[in-house]
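Welcome! Take a look at the model below, then work through the exercises one at a time.

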Amino acid sequence: QEELRARLGLAKEAGERAEIEKRLVAAALAEQKAQLAKQIAAIADDKGLSAARKAQLTAELERVKAINETTAALQVQAIEEQRRVTERRSAHEIDIAGREAQLDLLASQRDLKRSAFGRNRVELEILKAQHQIERLKLEEIVASSQSTEAEKAIARARLGVLEQIQANEAE
């Protein structure tokens with residue numbers, strides 16, 4: 001497990017981190033199961049316990065084992081959800097960065113245009129790019145499990161009027 005923890009510290013990609021974290025959960029579960037199996041074997045070998053007491057203790061340890069398995073499964077689900085959130089956020093960040101670069105390019109083209117018509121056309125492209133960036137950021141807020149319900153409601157409301165704002169600004 002120490003090696004896995006060290007690898008986790010070095011992992012940079014969400015998928016790689018998730019796989020290592022899942023392996024750590026599996027290793028911890030295996031260790032817990034082994035300890036419980038030893039305890040169950042010790043109970044079975046204990047001559048001082050009645051058969052009924054042995055059965056009771058064994059049943060309790062089996063419940064503990066089931067709880068450990070459920071907990072591990074929930075941890076794996078949480079790890080996968082975090083991986084999906086991180087990968088989605090990364091994809092959005094890449095998309096936004098590309099659109100911001102496009103916006104910079106359009107701004108530089110606007111400065112080169114000599115006619116009012118040419119500048120207006122580029123200004124419209126700039127507005128369009130700005131709205132695309134805003135839409136991506138709002139969609140990320142709505143999709144994020146880390147956003148509060150209030151943040152999501154605000155983002156949904158803004159998304160609802162964004163198209164009308166775009167149409168108004170294009171006129």
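**Exercise 1.** Find out how exposed Lys-22 is, and which side chain it meets in a salt bridge.

*Solution.* Start with the surface: Lys-22 has a relative accessible area of 21% and is therefore partly exposed. Here buried means under 20% relative accessible area, exposed means over 50%, and partly exposed is in between (1.4 Å probe, protein chains only). Next, look for the partner: the side chains of Lys-22 and Glu-80 meet in a salt bridge, 2.7 Å from N to O. This pair links distant parts of the chain, with Lys-22 in helix H2 and Glu-80 in helix H3, 58 residues apart. A salt bridge is a side-chain nitrogen of Lys or Arg within 4 Å of a carboxyl oxygen of Asp or Glu. Helices are DSSP runs (H or I, at least four residues), numbered from the N terminus. Finally, check Glu-80: its relative accessibility is 15%, so Glu-80 counts as buried.

A word on the source: this is a predicted model, in which local features need pLDDT of at least 70 and side-chain atom pairs count only at pLDDT 80 or more, while totals for chains, interfaces and linings use all residues. Residues are numbered from 1 along each chain as its sequence is written, and side-chain values use heavy atoms, with hydrogens and water left out.

**Exercise 2.** Work out which helices the salt bridge between Lys-33 and Glu-69 ties together.

*Solution.* First, the distance: the side chains of Lys-33 and Glu-69 meet at 3.1 Å, N to O. Lys-33 lies in helix H2 and Glu-69 in helix H3, so the pair ties together parts that are 36 residues apart in sequence. Then the surface: Lys-33 is partly exposed at 35% relative accessible area, and Glu-69 is partly exposed too, at 33%. Salt bridges that share partners also join Glu-19, Lys-22, Glu-80, Arg-83 and Glu-87 into one network.

**Exercise 3.** Describe the salt bridge between Glu-3 and Arg-7.

*Solution.* The closest N and O atoms of Glu-3 and Arg-7 are 2.5 Å apart. Both residues lie in helix H1 (residues 2–10), four residues apart, which is about one turn of the helix. Glu-3 is exposed, with a relative accessible area of 52%, whereas Arg-7 is partly exposed at 44%. Counted by the salt-bridge rule, the total comes to 11.

**Exercise 4.** Compare the span of helix H2 and of helix H4 with the expected span of each.

*Solution.* The expected span is 1.5 Å times one less than the number of residues. Helix H2 (residues 14–45) has 32 residues and reaches 47 Å from its first C-alpha to its last, close to the expected 46 Å. Helix H4 (residues 116–143) has 28 residues and reaches 40 Å, close to the 40 Å expected. Now look inside: the buried residues of H2 include Leu-24, Val-25 and Leu-29, and among those buried in H4 are Val-122, Leu-136 and Glu-140.

**Exercise 5.** Is His-92 buried or exposed, and which residues does His-92 touch?

*Solution.* His-92 is found in helix H3 (residues 51–112). With 15% relative accessibility, His-92 counts as buried. Leaving out residues up to four places away in sequence, His-92 touches Leu-136, Glu-139 and Glu-140; contact means heavy atoms within 4.5 Å.

Technical notes
Helices (H or I, at least four residues) and strands (E, at least two) are DSSP runs, numbered from the N terminus.
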